[in-house]
Amino acid sequence: MDLRFPDDVEAFRTEIRTQIADLMADADAHADPADLTGLAEDFERRLLRTAGDRGWLALHWPTEAGGTGRSLAHRAAFGREAAALDAPLVDTAVTLAGAPILRYGSPDQHAALLGPMVRGEVVGAIGYTEAQAGSDLSAIATTATRTPVDDPDAPWTIDGEKVLVTGAHKADWILIVARTDPDPAAAPRKAMSMFVVPLATPGVTVTRVRTANDWTLGTVHFEGVEVPADALLGEVGRGFAQMAAALADERSGFFWVGWAEQRLADLVDHVMAVGTDALALPAAVARDRLARCVTDVALARALALRVVDAQARGGDATVAASLSKVFVTETLQRLAATGVALLGPAGLLTAPLFGPVPADAPLRGRFAYDTVERLHPTLSVGANEIQRDTIATRGLGLPPG
Ligand SMILES: Cc1cc2nc3c(=O)[nH]c(=O)nc-3n(C[C@H](O)[C@H](O)[C@H](O)COP(=O)(O)OP(=O)(O)OC[C@H]3O[C@@H](n4cnc5c(N)ncnc54)[C@H](O)[C@@H]3O)c2cc1C
């Protein structure tokens with residue numbers, strides 16, 4: 001299997017890497033450690049608009065939807081480079097919320113939502129998780145009701161709370177799933193619907209909750225929030241299925257490979273520069289640990305390429321995506337641990353992604369930062385235990401339960 005992208009995609013990758021690096025050149029002057037991206041919102045929004053102008057935000061979308069009609073491999077290559085350079089262009093509205101809007105939205109919703117997204121003018125958030133509904137999203141308790149219940153023109157009233165929402169504090173709107181069937185006996189998978197809710201709507205409150213690396217996730221509370229009938233995305237009762245399809249799309253994430261490859265390259269460069277005698281582990285152990293990382297990163301790339309390939313062929317990439325997600329996210333954890341082990345006590349010095357770094361922190365304190373940061377990808381976007389369930393049941397055909 002060829003582990004490179006096709007030649008034209010490799011050429012594109014090289015070209016955008018230079019362009020993204022230029023745009024990120026003065027990122028340290030715009031640090032905001034309280035944001036997941038590590039960057040101040042005005043800098044991030046400027047970058048997003050530039051990315052929109054250059055057609056990067058919807059690379060693989062059809063031109064009639066505002067995309068550039070490139071391949072999924074182009075999108076993967078872009079995600080890889082954005083991640084490697086820590087550019088806040090990975091979890092864009094287009095990646096997360098754009099796909100379900102493109103797939104399930106009405107022509108009016110396409111006109112109102114997709115254009116601004118593709119141009120990088122808006123930031124969207126995803127609100128699926130609730131305090132009692134994470135891995136098991138069938139437990140979603142947020143409700144959306146309308147009176148009369150079967151009047152398609154009646155406004156909806158939303159009540160409930162979404163938690164762990166990435167970027168909620170700076171988002172313009174949030175895509176949520178809520179229960180729309182008032183019958184408590186209704187099967188949860190057929191009782192939910194999807195809505196796009198502007199976060200400025202009266203009754204919506206966003207609270208920032210601090211995370212271990214000092215940035216924040218959002219709790220979004222809805223109290224008697226009234227939205228018009230056209231806030232509904234797709235069909236009433238199809239929200240769960242739509243959400244499952246959207247999550248599968250997100251799981252193809254080549255950006256994880258970008259982070260893994262960059263960290264490995266940084267670590268190898270460092271070892272070559274200081275020599276193995278300067279490391280905190282004996283040379284033979286250090287070589288062994290590094291070689292394991294090289295193997296892991298190569299395999300992570302191969303698994304992710306397999307997902308891109310399966311998606312490009314229009315086949316079912318579910319199991320391939322689960323395998324890839326499990327492996328690359330656990331590779332990121334092993335890389336962080338290996339870096340800290342090789343660097344020794346100095347490797348424990350940490351710093352935010354951007355801005356000042358302690359003078360004696362090797363490699364910008366990145367491996368200590370990642371030791372905490374890389375805990376969450378094995379949980380978010382569908383916990384790895386749930387992915388393993390998918391591999392066992394759908395991949396191997398073992399009985400569920
Ligand atoms: C950094 C970060 C960003 C996030 N961003 C968003 C966002 O933008 N929008 C959003 O909606 N959500 C977001 N989430 C939430 C994320 O999707 C959930 O954390 C995830 O779905 C797991 O749910 P939970 O946290 O409730 O954990 P739980 O579901 O309670 O799981 C806890 C543990 O139990 C295990 N477990 C649960 N069920 C099973 C099972 N059946 N078999 C085996 N093991 C099981 C899990 O694997 C996990 O290890 C984010 C989370 C994080 C950490």
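**Close-up views of a predicted model**

**View A. V149 in its loop.** In this predicted model, V149 is found in the loop that runs between strand β2 (143–145) and strand β3. V149 counts as exposed because 11 other C-beta atoms lie within 10 Å, and a residue is called exposed when that number is 12 or fewer. T50 stands 99 residues from V149 along the chain, and the C-alpha atoms of these two residues are separated by 44 Å.

**View B. The shell around the ligand.** The ligand is surrounded by 17 residues, of which G134, S135, T166, A383 and E385 are the closest. Strand β1 (124–127), strand β3 (156–165) and helix α11 each supply at least two residues of this shell, and α11 gives the most, with three residues. Sorted by class, the residues of the shell are eight nonpolar, seven polar and two charged. Because domain 2 (124–246) and domain 3 (251–395) both give residues to the shell, the ligand lies between these two domains.

**View C. The crossing of helices α9 and α11.** The axes of helix α9 (residues 318–343) and helix α11 (residues 384–395) come within 9 Å of one another and cross at roughly 145°, and the crossing in which α9 passes α11 is left-handed. On the side of α9 the contact is made by T318, V319, S322, L323, K325, V326 and T329, which meet N384, Q387, R388, T390, I391, R394 and G395 in α11. By class, this contact of α9 with α11 has four nonpolar, seven polar and three charged residues.

Conventions:
Residues are numbered from 1 along each chain as its sequence is written. This is a predicted model: local features need pLDDT of at least 70, side-chain atom pairs count only at pLDDT 80 or more; totals for chains, interfaces and linings use all residues. Axes are lines fitted to C-alpha atoms, for helices over the stretch in contact, and angles run from 0 to 180 degrees between N-to-C directions. Helices (H or I, at least four residues) and strands (E, at least two) are DSSP runs, numbered from the N terminus. A crossing is left-handed if the near helix is turned anticlockwise from the far one by less than a right angle, and right-handed if clockwise. Two residues are in contact if their C-beta atoms, placed from the backbone, lie within 7 Å. Ala, Val, Leu, Ile, Met, Phe, Trp, Tyr, Cys and Pro count as nonpolar, Asp, Glu, Lys and Arg as charged, and the others, Gly among them, as polar. A residue is near a molecule or strand if its C-beta atom, placed from the backbone, lies within 6 Å of it. Domain bounds come from an automatic or database domain assignment. A residue is buried if 20 or more other C-beta atoms lie within 10 Å of its own, exposed if 12 or fewer, and partly exposed in between; C-beta atoms are placed from the backbone.
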